[in-house]
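Let's take a walk through this structure, starting with a bond between sulfurs and moving on to some rings. Have a look at it first.

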Amino acid sequence: QVQLVESGGGLVQAGGSLRLSCAASGTIFSMDAMGWYRQAPGKQRESVAAIKSDSTTHYADSVQGRFTISRDNAKNTVHLQMNSLKPEDTAVYYCNARRVDATRTPIEFYDYWGQGTQVTVSS
């Protein structure tokens, strides 16, 4: 139904900034939530930020105040602005789209994933 492609990753110095982008083949407006996850080597994949269709946002405590998620429905794109980057932010970052089927009992969730983009922060 939807394909996601991330871009904008790279190598940056600690304290620097990066802006990740996620381009969707389908309309992200039809998704109930868009988000970013990350996975470092040997670590579990973790949620970083999410934005719902009503524009409410959620952030992991570790990135609160440093990262900002945004959505551009007209361009079918979501972004993750990352400021004050730290070495511990180093990971592969994945774009996620979630669709909720509220007509079912219990409610069902469907997730779509991009291929990931590498972010490396040097000290």
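A disulfide, as used here, is a pair of cysteine sulfur atoms within 2.5 Å. Keep in mind that what you see is a predicted model.

By that rule, the count here comes to one disulfide. The partners are Cys22 and Cys95, with their sulfur atoms 2.1 Å apart. Turn the view to the S-S bond: the torsion about it is about -85°, so this disulfide is left-handed. The pair links distant parts of the chain, since Cys22 belongs to strand β3 (residues 18-24) and Cys95 to strand β9 (residues 91-101), 73 residues apart. Are these two cysteines buried or exposed? Cys22 has a relative accessibility of 1%, so it counts as buried. Cys95 sits at 0%, so it counts as buried too.

Now for the rings. A pair of aromatic rings is described by the distance of the centres and the angle of the planes. This structure holds one aromatic pair. It is made by Tyr37 and Trp113: their ring centres are 4.9 Å apart and their planes meet at 70°, so the pair is edge-to-face. Tyr37 is part of strand β4 (residues 33-39), while Trp113 is in strand β10 (residues 108-113), so the pair ties together parts that lie 76 residues apart in sequence. Tyr37 counts as buried because its relative accessibility is 19%, under the 20% cut-off. Trp113, with a relative accessible area of 36%, is partly exposed.

Trp113 has another neighbour to look for: Arg45 lies over its face, 4.8 Å from the ring centre. Arg45 also lies over the face of Tyr94, at 3.8 Å from that ring's centre.

Technical notes: Residues numbered from 1 in each chain as written. Predicted model: local features only at pLDDT ≥ 70, side-chain atom pairs only at ≥ 80, totals over all residues. Heavy atoms only, no water. Phe/Tyr/Trp six-rings, centres within 6.5 Å; stacked < 30°, edge-to-face > 60°. Helix = DSSP H or I, 4+ residues; strand = E, 2+ residues; numbered from the N terminus. Buried < 20%, exposed > 50% of the residue type's maximum accessible area, 1.4 Å probe, protein only. Lys NZ or Arg CZ within 6 Å of the ring centre and 35° of its normal.
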